[in-house]
2 protein chains.
Amino acid sequence: MRLITVSDIKSITQKIGIESFMQKAIDAIKEDFARWPEFNKSPRHAIHYPQGVMELMPCSDNALYSFKFVNGHPGNTAQGRLCVAALGMLAEVKTGYPLMLSEMTLLTAIRTAATGALAAQYMARPKSCHLALIGTGAQAEFQFLATQAVLPIEKVSYFDPDTQAMHKFHKHMHHKADLQPCTSIRGAVQDADVIITATAAKTKNRLLEKDMIKKGTHILGMGGDCPGKTELSLELLEHSRIVVEYLPQSQEEGEIQNYPNANVHAEIWELVNGTKNGRENDEEITLFDSVGFAIEDFSILRMVHDLSNQLNIGQNVDITPTPIDPKDLYGTLF
Amino acid sequence: MRLITVSDIKSITQKIGIESFMQKAIDAIKEDFARWPEFNKSPRHAIHYPQGVMELMPCSDNALYSFKFVNGHPGNTAQGRLCVAALGMLAEVKTGYPLMLSEMTLLTAIRTAATGALAAQYMARPKSCHLALIGTGAQAEFQFLATQAVLPIEKVSYFDPDTQAMHKFHKHMHHKADLQPCTSIRGAVQDADVIITATAAKTKNRLLEKDMIKKGTHILGMGGDCPGKTELSLELLEHSRIVVEYLPQSQEEGEIQNYPNANVHAEIWELVNGTKNGRENDEEITLFDSVGFAIEDFSILRMVHDLSNQLNIGQNVDITPTPIDPKDLYGTLF
């Protein structure tokens with residue numbers, strides 16, 4: 001089995017460039033959403049504790065099987081740790097043998113941004129050049145890079161109540177676009193073509209109201225991604241063309257959990273395979289209500305598996321015994 | 001995160017001896033079954049394919065979380081591969097961070113044997129010295145060693161339709177007991193105190209009939225462990241005191257799947273914590289209908305985690321990023 005560590009992901013992204021890595025992720029996810037009916041779509045398995053949640057997210061087609069283990073522990077940040085850490089595995093359906101185990105903390109951030117960008121490619125106006133970012137935490141740089149991969153983004157206005165987080169974003173991204181730090185959400189979004197909300201507070205927030213949003217804007221609602229955690233006002237939802245990943249999951253976890261009668265226009269795979277349009281005209285407000293789906297993990301795992309083979313990165317580890325006689329498992333101990 | 005490979009398990013078992021490793025596994029499983037109500041008991045997650053099945057088995061108490069990924073591909077043997085291969089992870093509930101990833105093909109064989117032995121400790125007559133083994137495939141040596149850890153086994157009679165598998169068993173175990181190869185199941189079991197059935201055929205078999213079994217025998221039904229796969233006759237079930245691991249799972253996967261009205265005496269944890277007796281007298285036939293349960297994986301993973309720390313075995317791998325500022329995930333790529 002191939003083992004891919006954080007250092008290995010760093011090697012791969014440095015070798016081919018983070019922009020190219022992000023583009024490949026967008027392409028891989030697009031390719032897999034286009035063949036949506038071929039996938040086994042299972043609900044995630046979660047165990048909840050007072051401190052957080054531990055989840056398993058399996059997914060497979062007829063050739064490959066993947067799962068992700070991911071936690072969510074809001075209190076970790078105060079201890080200098082990440083709230084969300086993950087690892088993922090890819091196995092061969094034919095034999096059931098594991099092919100690759102990989103870090104997935106970085107890959108989750110990247111696949112989440114790539115999925116948002118894929119939606120923006122279909123839902124934002126093609127000439128969108130002004131991005132607003134609400135929240136410049138761990139996810140922000142990835143969201144910006146992914147959006148710039150699909151739209152001609154030249155300007156980014158951004159707001160975060162944590163000024164240190166805003167400085168961090170500026171430090172990493174100032175050479176990639178015209179960056180405009182803002183002192184309020186309203187200020188950041190007022191002229192934006194595309195708005196991304198990526199905040200971490202585990203509450204029902206109302207970061208965006210309808211009167212703050214100009215016509216034709218595309219919104220990526222990232223941070224509303226588990227029960228009890230939303231970012232947008234109901235009025236805004238009512239006036240938006242809404243697209244989700246997988247309706248049964250989004251009704252539990254997405255922005256639309258507050259809006260049971262939401263008229264959801266499409267699941268993203270229907271935009272990718274051409275069944276439905278992402279946008280009808282330049283006036284409407286569009287919303288991709290993103291919560292994260294197991295196919296996205298599958299896509300980036302198979303992409304990293306291919307890249308690690310091409311670039312010869314990662315360590316091969318003996319995770320499965322290789323007895324000469326398959327009935328002689330005991331003999332492998334000596 | 002600590003990575004434990006097949007070579008590492010080999011190092012640990014060679015360092016402390018397979019018998020001592022088995023004894024520690026029995027003790028760890030016993031300790032955890034004794035505190036059964038403290039565990040989150042989840043159904044396993046399975047995806048079925050024409051070639052086999054891929055499963056995730058999660059389990060946790062308030063301090064540790066584990067899962068096992070395991071496949072079941074009967075056709076693998078013909079390709080010189082194992083039918084069942086597995087890997088497992090242990091994480092800290094407090095932070096959600098992974099502590100250890102381990103090979104679990106060998107560990108599954110060992111924990112399965114250890115669980116059977118734990119049941120035998122409570123259910124077999126204490127002076128049982130004659131073991132019969134039906135099936136001498138990949139599991140056989142482990143079953144014998146585990147049984148010998150809890151009972152004064154001096155003689156093993158065994159049968160397998162594959163004579164090569166019988167030779168393999170003899171080669172590994174001839175110095176540990178008086179071994180008696182047999183030419184039929186009936187011959188192997190006729191004088192046995194304890195019988196273990198561990199066959200691999202995915203069918204409803206009737207390896208053991210009631211008239212083959214002498215009074216007072218304890219039977220460990222190992223191989224009846226998934227829907228459609230059983231080894232014992234209904235009449236034998238009707239005349240046995242039956243103990244299972246976890247009733248809802250055993251009703252789907254165990255011998256009792258053929259016997260919906262089975263009067264199941266206990267779940268094994270009730271024997272361990274002293275609520276119920278494993279045996280009432282020296283005359284009755286007892287049956288442990290074993291299918292494998294996630295707590296057993298949890299137990300052996302925490303045991304291996306402790307041992308790997310004590311013996312300093314295994315490699316530490318960077319599976320989770322360690323940013324200086326937890327909001328600066330992007331910065332860890334450079």
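Helix H1 of chain A spans residues 6-16 and helix H2 of chain A spans residues 18-33, and the two pack at an angle of about 105° with their axes 6 Å apart. Axes here are lines fitted to C-alpha atoms, for helices over the stretch in contact, and angles run from 0 to 180 degrees between N-to-C directions. On the side of H1(A) the contact is made by A:Ile12, A:Thr13 and A:Ile16, and on the side of H2(A) by A:Ile18, A:Ser20 and A:Phe21; two residues are in contact if their C-beta atoms, placed from the backbone, lie within 7 Å. These residues divide into 4 nonpolar, 2 polar and no charged, where Ala, Val, Leu, Ile, Met, Phe, Trp, Tyr, Cys and Pro count as nonpolar, Asp, Glu, Lys and Arg as charged, and the others, Gly among them, as polar.

## Basis of the description

The model is predicted, so that local features need pLDDT of at least 70 and side-chain atom pairs count only at pLDDT 80 or more, while totals for chains, interfaces and linings use all residues. Residues are numbered from 1 along each chain as its sequence is written, and chains are lettered from A and ligands numbered from 1 in the order in which they are written.

## Chain A as a whole

Chain A has 10 helices and 18 strands; helices (H or I, at least four residues) and strands (E, at least two) are DSSP runs, numbered from the N terminus. Its radius of gyration, taken over C-alpha atoms, is 20 Å, which agrees with the value near 20 Å for a compact globule of 334 residues, the globule rule being 2.2 Å times the number of residues to the power 0.38. Along the principal axes, the C-alpha atoms of chain A fill a box of roughly 70 × 40 × 40 Å.

Of the 334 residues of chain A, 57% count as buried, that is, with 20 or more other C-beta atoms within 10 Å of their own, whereas 12 or fewer make a residue exposed and numbers in between make it partly exposed, the C-beta atoms being placed from the backbone. Among the contacts in chain A with a separation of 6 or more, 69% come from residues 24 or more positions apart.

## The parallel sheet

In chain A, 8 strands form an open sheet with parallel pairing, in the order S10-S9-S8-S11-S13-S17-S15-S16; two strands pair if DSSP finds at least two bridges between them. Strand S10 (178-181) and strand S16 (264-267) stand at the edges with a single partner strand each, so one side of each has no neighbour in the sheet. Neighbouring strands are turned by 20° against each other on average, direction ignored. Helix H3 (residues 105-123) of chain A packs on the sheet, where it touches S11, S13, S15 and S17 of chain A and makes about 160° with the direction of S13(A). Helix H5 (residues 163-173) of chain A lies across S9 and S10 of chain A and runs at about 175° to S10(A).

Within this sheet, 5 of the 5 residues of S15(A) are buried, so the strand is largely enclosed by the rest of the structure. One of its faces carries A:Ser240, A:Ile242 and A:Val244 and the other A:Arg241 and A:Val243, all of them buried. S15(A) is joined to S17(A) by 5 bridges, and A:Ile242 has A:Leu287 as its bridge partner there. Another 3 bridges join S15(A) to S16(A), in which A:Glu267 stands opposite A:Val244.

## Between the chains and in chain B

The contact between the chains takes 64 residues from chain A and 64 residues from chain B, and the side of chain A has 32 nonpolar, 22 polar and 10 charged residues.

In chain B, helix H4 (residues 140-150) is mostly covered, with 10 of its 11 residues buried, including B:Phe142, B:Phe144 and B:Leu145. By contrast, B:Pro248, placed in helix H8 (residues 247-253) of chain B, is exposed, with 10 other C-beta atoms within 10 Å.
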